[in-house]
Amino acid sequence: MLVGAVDGEEGMGEHGQGDPTAPMKAAVTVISCLVSLGKLSVAAATNVGMTDDELIHRIREQDAADELPAPAPPEAVAELETAVGHPMPRLLKRIYLEVADGGFGRWGEALSLTDMTYSFSDSSRLLEEYLGWRGTPNHPPSVVPLLTWGCAIWSLVDYSTPEGRMWAWDPNARCPHHGHALFPEDLTLAERFGGWLDGHSDFPKAPAGPYCTEC
């Protein structure tokens, strides 16, 4: 129905001319329906069509007070990639190398590759955090921590996916003792950043069950 409207009557202007805004209006309608049905996250919906360059520009725009640290050195990225066994997703690598070595993302909590003073995070540098996570049960070695939401909730990124698929950890919602608190999200890194930048990103939502039977 919605797709047909673009090609049919809804796409025609007052005098039978094609309405150049009709495809955009139809796309907005589709996106609104998907969000209302729970098929598309708010973060994903607000980031439709945003390029990596646009995301990077917006991160820089939000740093009006020039509070972000300097970009990370390439060797720090290479060190982490060697430990993970996968390249850092392109968008994330560009942010670390072109914008800042941590301090971006939700509430400026993204981990640093090199900073040992942690003026914007209480966590260790990224490589050390990753090595700690890698030792937890059922933790895929390609999934790397990015930042904390507080209350022990974390966002992580799967380095085995070029677009950077998001994972989350929430021990408040699911048992943490056998790896059940770790779960994939139906989001990319770009979609997460879109939500953070627009100020209405949703907390990670753990899927319902199966609940731990080993505790």
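The strands of the predicted model form an open sheet of 4, in the order β1-β2-β3-β4 and with antiparallel pairing; two strands are taken to pair if DSSP finds at least two bridges between them. Strands (E, at least two residues) and helices (H or I, at least four) are DSSP runs numbered from the N terminus. The edges are held by β1 (143-150) and β4 (182-188), each with a single partner strand, so one side of each has no neighbour in the sheet. On average, neighbouring strands of this sheet are turned by 30° against each other, direction ignored. Strand β2 (residues 153-158) runs antiparallel to β1 and is joined to it by 6 bridges. The bridge partner of Gly150 in β2 is Ile153.

The model being predicted, local features need pLDDT of at least 70 and side-chain atom pairs count only at pLDDT 80 or more, while totals for chains, interfaces and linings use all residues. Residues are numbered from 1 along each chain as its sequence is written, and side-chain values use heavy atoms, with hydrogens and water left out.

Two helices lie across the sheet. Helix α7 (residues 126-134) lies across β1, β2 and β3 (165-169), at about 100° to β1. Helix α8 lies across β1, β2, β3 and β4, at about 80° to β4. Axes are lines fitted to C-alpha atoms, for helices over the stretch in contact, and angles between N-to-C directions run from 0 to 180 degrees.

Helix α8 (residues 189-198) also packs against helix α6 (residues 90-99), at an angle of about 55° and with the axes 9 Å apart. This makes α6 oblique to α8, a class left for angles that are not under 35 degrees (roughly parallel), over 145 (roughly antiparallel) or 65 to 115 (roughly perpendicular). In the pair, Leu91, Leu92 and Ile95 of α6 meet Leu189, Ala190 and Phe193 of α8, where contact means heavy atoms within 4.5 Å.

Leaving aside neighbours within four places in sequence, Phe193 is in contact with Leu55, Ile59, Leu91, Ile95, Phe104 and Gly105.
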